[in-house]
2 protein chains.
Amino acid sequence: MPRREVAWIVDRPEGADAVIQGERGSFSEAASFATLGRGARILPAATFDSALDALALGRARHAVLPVENTLTGSIGPVVDLLKERGVRIIAEHKLHVRHCLMALPGVDFGALTKVASHPQALAQCARFLAQHRLLAEAVHDTAGAARTLASTKVRDRGVIAPARAAKVWGLRILKRDVQDDPENWTRFFVLVRESPTVTTSVASKRRTGVDSWKTTILFGTKHAPGALSLVLNEFAAAGLNLLKIESRPTRGRPWEYWFWLDVETGPPEGDPRLERVLGAVRPRSTFVKVLGTYRPG
Amino acid sequence: MPRREVAWIVDRPEGADAVIQGERGSFSEAASFATLGRGARILPAATFDSALDALALGRARHAVLPVENTLTGSIGPVVDLLKERGVRIIAEHKLHVRHCLMALPGVDFGALTKVASHPQALAQCARFLAQHRLLAEAVHDTAGAARTLASTKVRDRGVIAPARAAKVWGLRILKRDVQDDPENWTRFFVLVRESPTVTTSVASKRRTGVDSWKTTILFGTKHAPGALSLVLNEFAAAGLNLLKIESRPTRGRPWEYWFWLDVETGPPEGDPRLERVLGAVRPRSTFVKVLGTYRPG
């Protein structure tokens with residue numbers, strides 16, 4: 001339950017490479033290293049909101065935020081912030097989520113009664129916890145749970161977090177891969193501040209021979225019969241393949257939706273088909289926001 | 001953090017009218033009364049899973065479950081269960097969510113330090129809690145928090161729950177409408193067991209002059225370029241208006257999605273346009289499940 005008033009942005013030297021939600025050792029940190037390099041300087045933030053505040057204030061050059069998970073679906077609060085904040089996507093990264101059970105050094109598995117982690121992580125390990133009769137305790141972040149345990153030193157307490165969190169916070173890994181489903185992946189966006197002269201310099205590690213790109217577009221349809229179908233028809237008629245469509249509720253207008261589309265397009269320099277479609281879609285929409293064109297991760 | 005092993009189904013006389021997730025006095029109970037009548041006998045269940053177990057076992061004739069909220073979007077775990085379980089939608093209900101802060105009788109607002117509720121309810125009252133420096137404590141259900149407080153009698157503890165929960169559990173309402181956003185609505189489905197001779201006898205309270213119906217359809221697209229666009233084109237070509245589209249991740253197949261569509265159709269006896277579209281969609285889909293045709297709530 002992140003709350004604005006408890007939001008912290010830890011004091012670090014100016015100009016971090018990436019601000020993340022959560023502590024050092026988190027999955028977001030791993031995604032930052034994978035996209036920005038092992039030496040990336042990380043600025044932790046308590047909430048998604050405060051992470052994007054840090055980006056807006058120039059305290060970090062990138063924000064690396066999770067947008068969807070293959071078990072639980074889209075991460076609504078982040079998707080909503082993509083609409084509200086002035087950000088641009090320059091890369092995506094798909095991270096294999098592998099949860100570890102860890103505890104204080106010297107504590108054995110049998111001594112544990114309670115396990116703390118983010119509610120999503122606990123849900124993803126629900127079978128494991130039930131089997132071993134371990135009580136789940138929800139906290140704001142996986143690596144943050146590791147940090148807390150390292151300082152409170154409660155001996156019957158375990159933490160579910162990424163392996164790196166054990167190293168960062170001095171805990172001992174008792175079991176690896178405690179997630180119920182091995183096909184657990186999280187998709188991250190690497191975001192920069194929206195600006196006319198935005199850099200798109202993040203190198204893609206998996207450049208394939210094919211010149212394939214993805215564009216993320218947000219739009220709201222007017223509340224009229226057939227509005228959504230009309231917009232989708234434009235994409236289909238232009239031969240632009242939909243990779244993902246997701247509806248989000250519009251605040252203050254119950255049962256009206258806006259949409260997140262991922263579309264297969266040409267490179268960021270401009271795809272004439274996309275330009276044509278957007279020209280036709282704009283008059284039929286309450287808003288259209290092109291968040292960025294990037295390499296499939 | 002609902003866990004299978006702690007799932008309970010309280011012993012009640014056989015044949016409840018509705019099984020709900022959560023305790024007596026919850027929003028789900030209010031939705032049950034609104035759709036099935038004030039006298040409906042309610043069976044509380046700890047989890048969505050165990051609620052649908054009760055339905056499958058015939059311990060309740062209906063399950064009344066929340067599927068989306070106008071602030072937070074679709075309720076992923078319920079949407080996933082609609083795909084996995086043999087259920088049919090016979091009605092929908094849109095409930096105005098109004099949160100109340102309540103405490104033990106005799107306790108004043110100023111004495112409170114901590115407030116317990118479901119994480120969603122806490123998130124929906126985050127501004128109110130921050131303003132009054134109240135710590136949020138996440139528990140499995142709003143009305144359940146009221147029940148717990150009534151038995152533990154902790155005097156500095158508040159609960160955020162529907163007004164009815166105060167009456168049911170003997171608490172006192174300190175403030176009404178503590179939600180940050182007044183336009184907070186939750187959509188519920190009234191579900192029955194899937195069967196060839198299903199009853200569709202729930203009366204619609206808001207029968208309008210227009211003969212308007214909604215059909216909910218779930219389908220998975222084959223992992224091929226353009227698969228989603230092809231399916232949506234069929235609906236558009238038949239003149240069937242899309243009311244909602246939502247993607248959900250496919251378990252075990254990372255980055256493959258299935259979809260939830262709400263479509264404006266004719267009555268449940270059969271809409272020839274819909275039959276035609278489904279005929280064209282089936283060969284292009286990994287599965288198609290028509291969940292039911294019902295009156296817009």
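Which residues in helix 8 of chain B meet residues in helix 9 of chain B? V231(B), E234(B) and F235(B) in helix 8 meet L274(B), V277(B), A280(B) and V281(B) in helix 9, where contact means heavy atoms within 4.5 Å. This is a predicted model, in which local features need pLDDT of at least 70, side-chain atom pairs count only at pLDDT 80 or more, and totals for chains, interfaces and linings use all residues. Residues are numbered from 1 along each chain as its sequence is written, chains are lettered from A and ligands numbered from 1 in the order written, and side-chain values use heavy atoms, leaving out hydrogens and water.

**The helix pair**

- The axes of helix 8 (residues 227-237) and helix 9 (residues 272-281) of chain B come within 9 Å and cross at roughly 160 degrees; axes are lines fitted to C-alpha atoms, for helices over the stretch in contact, and angles run from 0 to 180 degrees between N-to-C directions.
- Helix 8 and helix 9 of chain B are therefore roughly antiparallel, a label for angles over 145 degrees.

**The sheet**

- Chain B has an open sheet of five strands in the order 8-7-9-6-10, with mixed pairing; two strands pair if DSSP finds at least two bridges between them.
- Helices (H or I, at least four residues) and strands (E, at least two) are DSSP runs, numbered from the N terminus.
- The edge strands, each pairing on one side only, are strand 8 (135-138) and strand 10 (172-176) of chain B.
- Strand 6 (residues 100-103) and strand 10 of chain B pair in the antiparallel sense over four bridges.
- C100(B) has R176(B) in strand 10 of chain B as its bridge partner.

Key. Parallel < 35°, antiparallel > 145°, perpendicular 65-115°, else oblique.
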